[in-house]
Amino acid sequence: LDSKKMKVVEDPCSIDSIFKDFPYPRLDAVLRFPPGVGPSKDQNVAFLFHGNQVCEYDLKTYKLKAKPRKIQERFKDYPFDKVDAVFTFPPGVGPSYAHNVAYMMAGDRYCKYSLDQDKMRSDSLRRSIHDGWSPYPLGHTK
């Protein structure tokens, strides 16, 4: 996706055509620390989530850095058994409280991961997506 022109720049392709040694048939979510944020070991790394596992993929060598492991082994205190989606605001975009934070979603709940401190934020563990993102309309009935 070319974010400036908001158009797809390549046709869809299979996961294994990009992440050649990714050991799973499906990719649930991806997290990448913004440049200069977080530990140096996590720069140029994509965290690839599948079920309750996470793989660290080196974006310079295009190879896995290590075997898959449980999400909580890398993201201490992560409160869910899977990751359905992850997003971060680009640097300088969004409210200041969202800078250097990854919003990690599982089912109808989310938590915040502090990218600069490399740890879960205790102010949002297991928070309802609807409560935290209140005009979020999907899946909510009154």
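Trainee: Does Tyr 24 count as buried, exposed or partly exposed?

Mentor: Keep in mind that this is a predicted model: local features need pLDDT of at least 70, side-chain atom pairs count only at pLDDT 80 or more, and totals for chains, interfaces and linings use all residues. Buried means under 20% relative accessible area, exposed means over 50%, and partly exposed is in between (1.4 Å probe, protein chains only). Tyr 24 comes out at 23% relative accessibility, so the label is partly exposed.

Trainee: How many aromatic pairs does the count come to?

Mentor: Rings of Phe, Tyr and Trp (its six-membered ring) pair if their centres lie within 6.5 Å; planes under 30 degrees apart are stacked, over 60 edge-to-face, and the rest tilted. By that rule, the count comes to eleven.

Trainee: What kind of pair do Phe 22 and Tyr 24 form?

Mentor: Their ring centres sit 5.5 Å apart, with 75° between the planes. Phe 22 is buried at 6% relative accessible area. The pair they form is edge-to-face.

Trainee: How many residues apart in sequence are the parts that Phe 75 and Tyr 113 tie together?

Mentor: Phe 75 and Tyr 113 pair edge-to-face, at 5.0 Å centre to centre and 80° between the planes. Phe 75 is in the loop between α2 (71-74) and β6 (85-88), and Tyr 113 is in strand β8 (residues 109-114), so the separation in sequence is 38 residues. Helices (H or I, at least four residues) and strands (E, at least two) are DSSP runs numbered from the N terminus.

Trainee: Which residue forms a salt bridge with Arg 26?

Mentor: A salt bridge is a side-chain nitrogen of Lys or Arg within 4 Å of a carboxyl oxygen of Asp or Glu. A search of the whole structure finds eight. In this one, the closest N and O atoms are 2.7 Å apart. Arg 26 is partly exposed at 44%, and its partner is Asp 28.

Trainee: Is Asp 42 buried or exposed?

Mentor: Asp 42 forms a salt bridge with Lys 41, with the closest N and O atoms 3.4 Å apart. Lys 41 is partly exposed at 47%. Asp 42 has 0% relative accessibility, so the label is buried.

Trainee: What is the volume of the largest cavity?

Mentor: On a 1 Å grid over the protein atoms alone, a cavity is a set of points where a 1.4 Å probe fits but cannot get out, and lining residues have an atom within 4 Å of a point. Points are joined across faces, edges and corners, and the volume is the space filled by probe spheres set on them. Val 54, Cys 55, Glu 56, Ala 66, Lys 67 and Arg 69 line the largest cavity. Its volume is about 30 Å³.

How values were computed:
Residues numbered from 1 in each chain as written. Heavy atoms only, no water. 1 Å grid on protein atoms, 1.4 Å probe; cavity = no way out; pocket = protein on both sides within 12 Å on 5 of 7 lines; lining within 4 Å.
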